Amino acid sequence: MDDLQAFNVLVEQFARLPGIGRKTAQRLSYYVLRMPAEEVKQFARDMYDARCRVKYCKVCGLLTDTDVCPVCRDAKRDASTICVVRDSKDAFAFEKTREYRGVYHVLGGTISPLEGIGPDDIAIAPLLARIGEGGINEVILATNPDVQGEATAAYIASLLQHFDALTVSRIAHGVPVGAELEYADEVTLIKALEGRRKLK
């Protein structure tokens with residue numbers, strides 16, 4: 001199919017996306033080719049616009065269109081409670097429950113020596129800086145219940161030991177071990193929050 005080079009390039013681009021295999025990439029490519037040209041152009045513009053406009057909240061690290069995200073700007077949120085998550089997808093999963101009223105801190109990853117990701121490669125220092133400013137009563141460690149998430153939670157908990165008035169908790173394992181928080185249902189996440197355990 002050398003004469004379909006443009007099509008093959010499109011397939012390769014879709015195949016680069018996480019969770020997209022070659023067959024799915026081909027289906028998506030065929031779908032795009034059946035779309036009206038103007039819709040394809042608008043789709044491409046929207047993707048580019050989102051890539052340019054979306055940034056990270058300068059306070060907590062959540063994805064946002066503004067310098068400070070709506071959660072951090074909301075005066076009704078309990079700013080004394082910080083829920084520490086791996087990425088924005090996990091925070092958005094908690095937001096769907098409508099039960100958590102604190103704020104977030106996005107690490108941007110988890111400690112994974114096998115992948116060369118250490119404590120300095122994720123946003124632990126900014127978390128410590130936020131806590132050091134005062135006004136924080138509880139830190140909920142809500143990283144995924146997998147090896148990397150548990151290691152990251154344990155490491156952060158050890159760093160928070162010297163903050164005497166601070167409660168450090170870990171979400172309960174209502175979330176199955178090895179599961180991704182973004183795919184958990186609302187009831188499971190609510191139970192995980194309710195059953196969190198103190199680490200200090």
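Q: What makes residues of α5 count as buried, and which are they?
A: In this predicted model, the buried residues of α5 are Ser 88, Asp 90, Ala 91, Ala 93, Phe 94 and Thr 97. The term requires a relative accessible area under 20%, so each of these six names falls below that cut-off.

Q: What do the buried residues of α5 pack against?
A: Their partners are β2, β3, β4 and α8.

Q: Why is Thr 64 called buried?
A: Its relative accessible area is 6%. Buried means under 20%, therefore Thr 64 qualifies. Thr 64 lies in strand β2, residues 63-64.

Q: How do you know that the side chain of Thr 64 makes a polar contact, and with which atom?
A: The side chain of Thr 64 reaches the backbone nitrogen of Thr 66 at 3.1 Å. The limit for a polar contact is 3.5 Å, so the distance meets it.

Q: Which residues touch Thr 64 from beyond four places in sequence?
A: Thr 64 is in contact with Arg 53, Val 54, Lys 55, Tyr 56, Cys 57, Cys 69 and Pro 70. Being in contact here means having heavy atoms within 4.5 Å.

Q: Why is Cys 72 called neither buried nor exposed?
A: The relative accessible area of Cys 72 is 24%. Buried needs under 20% and exposed needs over 50%, so Cys 72 is partly exposed. Cys 72 sits in helix α4, residues 70-73.

Q: What does Cys 72 contact, leaving aside neighbours within four places in sequence?
A: The partners of Cys 72 are Cys 57, Val 59 and Cys 60. As for Tyr 104, 32 residues from Cys 72 along the chain, the two C-alpha atoms are separated by 8.1 Å.

Q: What makes Phe 94 and Tyr 104 stand out in the largest nonpolar core?
A: Of the 41 residues in this core, Phe 94 and Tyr 104 touch the most other members. At least two residues of the core come from each of β3 (78-85), α5 (88-97), β4 (102-106), α6, β5 (138-141), α7 and α8 (186-194). With four residues, β3 gives the most.

Q: Which residues does Tyr 104 touch, not counting those up to four places away in sequence?
A: Tyr 104 touches Cys 60, Leu 62, Val 71, Arg 77, Ile 82, Cys 83, Val 85, Ala 91, Phe 94, Glu 95 and Arg 130.

Q: Which residues belong to the second, separate core?
A: This core has six residues, including Phe 14, Ala 25, Val 32 and Met 35.

Q: How do the axes of α6 and α7 pass each other?
A: The axes of α6 (residues 124-132) and α7 (residues 147-159) come within 11 Å and cross at roughly 35 degrees. The crossing is right-handed.

Q: What makes the contact of α6 with α7 nonpolar by class?
A: Ile 124, Leu 127 and Leu 128 in α6 meet Tyr 155, Ile 156 and Leu 159 in α7. Ile, Leu and Tyr count as nonpolar, so the contact has six nonpolar, no polar and no charged residues.

Q: How many helices and strands does the protein have, and how much of the protein is buried?
A: There are eight helices and seven strands. Buried residues make up 39% of the 200 residues.

Note on methods: Residues numbered from 1 in each chain as written. Predicted model: local features only at pLDDT ≥ 70, side-chain atom pairs only at ≥ 80, totals over all residues. Heavy atoms only, no water. Axes fitted to C-alpha atoms, helices over the stretch in contact; angles between N-to-C directions. Left-handed = near helix turned anticlockwise from the far one by under 90°. Buried < 20%, exposed > 50% of the residue type's maximum accessible area, 1.4 Å probe, protein only. Polar contact = N/O pair within 3.5 Å; in protein donor to acceptor, adjacent residues only side chain to side chain. Core = buried A, V, L, I, M, F, W, Y, C linked by side-chain atoms within 4.5 Å.
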